[in-house]
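These are my notebook entries on one structure. I set down in order what I looked up.

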Amino acid sequence: MTDLVVRKILIDMAEPIPARWNGGDAFRSAYFSALSMSFPVGEQYFIDSVRAGLKALPAEEQRRFAAEVQGFVGQEATHRRIHGLFNGHLEALGFRNTLEPRAKKRIESKAHLDVRIHVAATAATEHLTAIFADWMFRHPEALAGAEPRLQTLWTWHAAEEAEHCSTAFDLYKALGGSERWRLRLMRYITWIFALDVTRQTIRNLWHDGSLFRWSTWQSAAKLLFAKDGMIRGNVQLWKAYQAPSFHPRQQDMSNAMHWLEANQQRFTVVSRPAQANT
């Protein structure tokens, strides 16, 4: 079991943000904004799925997972709230979030499926976010020029994604989920996630007026498809999920853990595992 601490990040999200908040770079701003637009609905889905998965376990297994699930829910709820504030600034700038209603409709249409399907989808998404999180720590230039408070927001979120990367995966295993569906859901989630974020990024760039600028797509190629870009540089880590012996904790998450240890002044602790068990 993983000890998950629920934290309140100490940043002021009342101040508005510029459209090109990520160092003035049109693509980096549009792409990360698209990611943020996906988070509130996604985080709520993860919370609902993991809670339902916990309830589906036998009583003894529920007790084993209870504290970790509570920590997972606390972290994800905090991410949902802070990105809701971030997205509110984007909305005030005229950016329209079409990803969220589309995702909500898709989630509602599949709500009747076996709880293990939802937990597996959550585990797959958590693997994607964990490997992207580690990439961000290795590539601080992805947020170069952004305000310190926004750099803190994204690195804190990334660190906690790495911290709770195994919760849904372990829950899926405890529920007796099959390897076939674990791998099938990873392929499906990867495709849907990529499609949703791409569509929203293009919409953001259109609104920004930078969709057809050569500099925009130079930045995209560098961020995503350079030798160690966000996509190209994570192919092997994505493939690692396919191994029958795979577990999220096999990956090196030391960068995230070091950040949390070195930046304790940037947040306050809301609850710890020991408190969750009382």
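**Entry 1: Thr-125**

Leaving aside its neighbours within four places in sequence, with which residues is Thr-125 in contact? I found Phe-46 and Ile-189, where contact means heavy atoms within 4.5 Å.

I note here that this is a predicted model, in which local features need pLDDT of at least 70 and side-chain atom pairs count only at pLDDT 80 or more, while totals for chains, interfaces and linings use all residues. Residues are numbered from 1 along each chain as its sequence is written, and side-chain values use heavy atoms, with hydrogens and water left out.

I located Thr-125 in helix α4; helices are DSSP runs of H or I, of at least four residues, numbered from the N terminus. Thr-125 counts as buried because its relative accessibility is 11%. The classes are buried for under 20% relative accessible area, exposed for over 50%, and partly exposed in between, with a 1.4 Å probe and protein chains only.

**Entry 2: Helix α4**

I next checked the length of helix α4, residues 115-138. The expected span is 1.5 Å times one less than the number of residues.

Is α4 mostly covered or mostly uncovered? It is mostly covered, since 21 of its 24 residues are buried.

At the start of α4 I found a side-chain oxygen of Asp-114 within 2.8 Å of the backbone nitrogen of Arg-116.

**Entry 3: Glu-43**

I looked up Glu-43, which has its place in helix α1. Glu-43 is buried because its relative accessible area is 1%. Which residues does Glu-43 contact, leaving aside its neighbours within four places in sequence? They are Glu-76, His-79, Arg-80, His-157 and Glu-161.

With His-157 there is a polar contact between the side chains, at 3.3 Å. A polar contact is a pair of N or O atoms within 3.5 Å; within protein, one must be able to donate a hydrogen and the other to accept it, and residues adjacent in sequence count only if both atoms are side-chain atoms.

**Entry 4: Leu-175**

I found Leu-175 in the loop between α6 (167-174) and α7. At 15% relative accessibility, Leu-175 is also counted as buried. Not counting residues up to four places away in sequence, Leu-175 touches Gly-53, Ala-56, Leu-57, Arg-116 and Val-119. I also compared positions along the chain: Leu-175 and Pro-58 are 117 residues apart, with 9.1 Å between their C-alpha atoms.

**Entry 5: Cavities**

On a 1 Å grid over the protein atoms alone, a cavity is a set of points where a 1.4 Å probe fits but cannot get out; a pocket is an open set with protein on both sides within 12 Å along at least five of seven lines; lining residues have an atom within 4 Å of a point. Grid points are joined across faces, edges and corners, and a volume is the space filled by probe spheres set on the points.

How many cavities of 30 Å³ or more does the structure hold? There are two. The largest cavity has about 170 Å³ of space. Its lining has 13 residues, and those nearest the centre are Phe-39, Thr-129, Phe-132, Met-136 and Trp-154. Two or more lining residues come from each of α1 (26-56), α4 and α5 (148-163).

I sorted this lining into 10 nonpolar, two polar and one charged residue. Nonpolar covers Ala, Val, Leu, Ile, Met, Phe, Trp, Tyr, Cys and Pro; charged covers Asp, Glu, Lys and Arg; the others, Gly among them, are polar.

The second largest cavity has about 50 Å³ of space. Helix α1 gives the largest share of its lining, four residues.

**Entry 6: Pockets**

The largest pocket holds about 590 Å³ of space. Of its 29 lining residues, Tyr-45, Arg-106, Thr-125, Ile-189 and Ile-192 lie nearest the centre. Which element gives the largest share of this lining? It is α7, with nine residues.

For the second largest pocket I noted about 470 Å³ of space. Its lining divides into 19 nonpolar, four polar and no charged residues. Here too α7 gives the largest share, eight residues.
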